[in-house]
Amino acid sequence: MLGRKNIGIDLGTTSIRILVDKKGVVINDKSVMAVDKNTGRVLKLGREASAMIGRAPQDVEIIRPLQGGVVKSYDPTSYMMQQYIKQAC
């Protein structure tokens with residue numbers, strides 16, 4: 001999938017940045033997810049999920065899988081990284 005691309009990933013509490021060699025920053029988004037409480041399906045990532053804070057319906061949970069500089073929730077963080085790496089490459 002990545003081939004021979006060199007990438008750098010900055011997993012931050014508030015934002016995620018992905019840099020690709022010779023392209024610079026290709027992803028700079030919020031570390032937030034909107035998840036359906038009933039199905040567990042991810043509805044929105046990043047800025048779109050952040051915009052839902054305080055406005056989400058009761059069946060939608062807004063989560064921050066990275067808190068205090070550490071991974072709080074492994075599976076959501078893994079999913080988020082997979083999506084962002086696909087976008088970057």
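In what sense do strand β1 and strand β2 pair, and over how many bridges?

## The first strands

Strand β1, which covers residues 7-11, and strand β2, which covers residues 15-20, pair in the antiparallel sense over five bridges; two strands are said to pair if DSSP finds at least two bridges between them. Helices (H or I, at least four residues) and strands (E, at least two) are DSSP runs that are numbered from the N terminus. This is a predicted model, in which local features need pLDDT of at least 70 and side-chain atom pairs count only at pLDDT 80 or more, while totals for chains, interfaces and linings use all residues. Residues are numbered from 1 along each chain as its sequence is written, and side-chain values use heavy atoms, with hydrogens and water left out.

A hairpin of three residues joins β1 to β2, and within this pair of strands D10 has R17 of β2 as its bridge partner. Strand β2 also pairs with β3, in the antiparallel sense and over six bridges. In that pairing L19 stands opposite V25 of β3, and I16 has D29 of β3 as its bridge partner.

K22 is placed in the loop between β2 and β3, where the hairpin has three residues between the strands. The phi of K22 is near 75 degrees, which is a positive value in a residue other than glycine. With a relative accessible area of 83%, K22 is exposed, where exposed means over 50% relative accessible area, buried means under 20%, and partly exposed lies in between (1.4 Å probe, protein chains only).

S31 is found in the loop between β3 (24-30) and β4 (33-36), and it counts as buried because its relative accessibility is 0%. Its side chain reaches the backbone oxygen of G12 at 2.9 Å. Leaving aside residues up to four places away in sequence, S31 touches several residues, including G12, T13, I63, P65 and M80; contact here means heavy atoms within 4.5 Å.

## The open sheet of β5, β4 and β6

Three strands form an open sheet with antiparallel pairing, in the order β5-β4-β6. Strands β5 (42-45) and β6 (60-63) stand at the edges, each with a single partner strand, so one side of each is left without a neighbour in the sheet. From one strand to the next the twist averages 20 degrees.

Between β4 and β6, which run antiparallel, there are four bridges, and V35 stands opposite E61 of β6.

## Helix α2

Helix α2 lies across β4, β5 and β6, and runs at about 60 degrees to β5; axes are lines fitted to C-alpha atoms, for helices over the stretch in contact, and angles run from 0 to 180 degrees between N-to-C directions. The 15 residues of α2 (residues 74-88) should span 21 Å at 1.5 Å a residue, and its end C-alpha atoms are 21 Å apart, which agrees; the expected span is 1.5 Å times one less than the number of residues.

Which residues of α2 are buried? They are T77, M80, M81, Y84, I85 and A88. These residues cover an arc of only 130 degrees around the axis, which puts them on the same side of α2, the arc being that of the directions from the helix axis to the C-beta atoms. On the other side of α2, D75, K86 and Q87 are exposed.

Methods:
A polar contact is a pair of N or O atoms within 3.5 Å; within protein, one must be able to donate a hydrogen and the other to accept it, and residues adjacent in sequence count only if both atoms are side-chain atoms.
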